[in-house]
2 protein chains.
Amino acid sequence: MDQKIIFSEVQCTKHINAVEDALYVLGGKWKLRIIIALFSGYTRFNELQRRINGISARVLSNELKQLELNGLLKRVVQADQTPVVVEYLATEYAATLKDVVGALADWGQKHKKKITITDNV
Amino acid sequence: MDQKIIFSEVQCTKHINAVEDALYVLGGKWKLRIIIALFSGYTRFNELQRRINGISARVLSNELKQLELNGLLKRVVQADQTPVVVEYLATEYAATLKDVVGALADWGQKHKKKITITDNV
DNA sequence: CCGCATCCTCAACGATACTG
DNA sequence: CAGTATCGTTGAGGATGCGG
């Protein structure tokens, strides 16, 4: 029951730095949620905004820009239509986040179950 | 390459909610870093502060409290010593975060490699 | 060594309105 | 539909100092 050392001392800083790098890209309230929505096939701006509960247009716009800068999505404009259609598509690179999202979602689900049972008011 | 739909439409909201729950506990700048340090066997307050670059005592104190509230660590006081020794130990429950931390650290490492190669700027 | 109290700053986020 | 502009808020986090 006591403490189990999962990471060796040497790996500690390494892990912290790696997580830091990941958080730099994925941190904040919305990035991961947006990525999940993209993974689910939602591509249009308003579609995303509707799907992601509580996000404002301004914030969504900003986040999308950052995600594009980091190569996680591609902004595609279909200029040959009226009105102009803009699509946000997850890149191949974003697919490498599948494990991260999976692990996090998995844990979140278990955790919710736990606190529901524990029921600490 | 185009878009691959990784999550079904039905699972989208479910995933987003689960990630939301996880982020509620793990969100912010420090929680995961602290957990990594705990995993690595650092147990003392100042030890943690030294190991986690840039965190202030106030913030560390707050984060530790929250992590304890969420059952991820246990605050143990050795009262029979002078001065009093306080230890923070990761709980069994915290060990369930191993996959999350692993996935994130893994991705962070790959990402760093990528942006180093891409060398934007 | 442990960690709280105080005060402060800043950036992220929110709300609303408006344009092409 | 796809955003931008503007303004306001809030809370996480930083700095410092003190007390047990």
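How do the residues of the surface near DNA strand D divide into nonpolar, polar and charged? In this predicted model, they comprise 6 nonpolar, 4 polar and 8 charged residues, where Ala, Val, Leu, Ile, Met, Phe, Trp, Tyr, Cys and Pro count as nonpolar, Asp, Glu, Lys and Arg as charged, and the others, Gly among them, as polar.

**View 1. The protein surface near DNA strand D.** A residue is near the strand if one of its heavy atoms lies within 4 Å of it. Of the 18 residues around DNA strand D, those that come nearest are A:Arg44, A:Ser61, A:Arg75, A:Tyr88 and B:Arg58. H4(A) gives the most to this surface, with 4 residues; helices (H or I, at least four residues) and strands (E, at least two) are DSSP runs, numbered from the N terminus.

**View 2. Phosphate oxygens of DNA strand D and the protein.** An N or O atom in the side chain of A:Tyr88 is 2.4 Å from a phosphate oxygen.

**View 3. Helix H6 of chain A.** This helix (residues 98–118) has 21 residues and reaches 30 Å from its first C-alpha to its last. Its buried residues (under 20% relative accessible area, 1.4 Å probe, protein chains only) include A:Val100, A:Leu104, A:Trp107 and A:His111.

Residues are numbered from 1 along each chain as its sequence is written, and chains are lettered from A in the order in which they are written. Local features need pLDDT of at least 70, side-chain atom pairs count only at pLDDT 80 or more, and side-chain values use heavy atoms, with hydrogens and water left out.

Technical notes: Polar contact = N/O pair within 3.5 Å; in protein donor to acceptor, adjacent residues only side chain to side chain. Expected span 1.5 Å × (residues − 1). Buried < 20%, exposed > 50% of the residue type's maximum accessible area, 1.4 Å probe, protein only.
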